[in-house]
Structures are given as C-alpha cells and as structure tokens.
Amino acid sequence: MVKVLKGIICFWLINEVLQLAMLDLSPVADFLVSHLSSFYGAVIIGFYLLTNKYPKPSLLLIPVAQLAYNYMFKVDPDTWDVGFSVLGILLLFLLMKYKQHLFN
C-alpha cells in the first residue's frame, strides 16, 4: 500500500501544480483537475485514519470537512468535490475488504 500511497501523493502534487499553473485546459480536463484533489485527499486522509486504527465511521467526516471547506472558502458547497471524496472513501473500503493485508 505504501507504493500506492506514494503514487497517489505524486498524482495529488501534480494535480495541485496544474491548479496553480492555471493552464488553459479543455473543459473536461479542467473539471478533473479541479475536483480530483478531493479524491486524492480522501484517499490519503482515509489511509492515515485506517492505518492508525481509528474507527471506520470517522472516514465519513472527510466529505463533511470537504463541504465545510467549500462553504467557508468558496461560499458555495461543491457537490462534485463531495462526490469525489466519497469515491475515494469507497475505494478505501474496497481495498480494505479485498486487500486487508495492505493495511496491516
């Protein structure tokens, strides 16, 4: 899982650089770049919570935190960000179910 996590962190950093560069991207690429940060963040934070043996329901705080962040800093709840966060959490649950040895 460490290799997977390192890869996700690399993709997340690349995604953040692309956001900061404000390149003229196609609408689909711009949509993905702006919302994949939520997916990567949910996977990274979720992995941290799972490997430190926090209760699994605590993962559900990630979309709540995403909504709070969007409301506080963007003054508009972004449901796509929450959706991508939920997708990242679901990926972690699937990995836990089928690849339990990755979390030991």
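Helix α3 covers residues 61–74, which is 14 residues. At 1.5 Å a residue, it should span 20 Å. The expected span here is 1.5 Å times one less than the number of residues. The end C-alpha atoms sit 19 Å apart, so the two agree. Helices are DSSP runs of H or I, at least four residues, numbered from the N terminus.

A word on the source. This is a predicted model: local features need pLDDT of at least 70, side-chain atom pairs count only at pLDDT 80 or more, and totals for chains, interfaces and linings use all residues. Residues are numbered from 1 along each chain as its sequence is written, and side-chain values use heavy atoms, without hydrogens and water.

Back to α3. Which of its residues are buried? I62, P63, Q66 and N70. Buried means under 20% relative accessible area, exposed over 50%, partly exposed in between, with a 1.4 Å probe and protein chains only. Down the axis, the buried residues of α3 fall within an arc of 100°, so they line one face. That arc is taken from the directions from the helix axis to the C-beta atoms. On the other side, L61, V64, Y71 and M72 are exposed. The cover over the buried residues includes α2 and α4 (79–98). Just after α3, V75 has a positive phi of about 55°.

Now α2, residues 27–51. L50 lies in this helix. L50 counts as buried because its relative accessibility is 9%. L50 and F93 are 43 residues apart in sequence, yet 9.7 Å apart in space, C-alpha to C-alpha.

Technical notes:
Helix = DSSP H or I, 4+ residues; strand = E, 2+ residues; numbered from the N terminus. Contact = heavy atoms within 4.5 Å.
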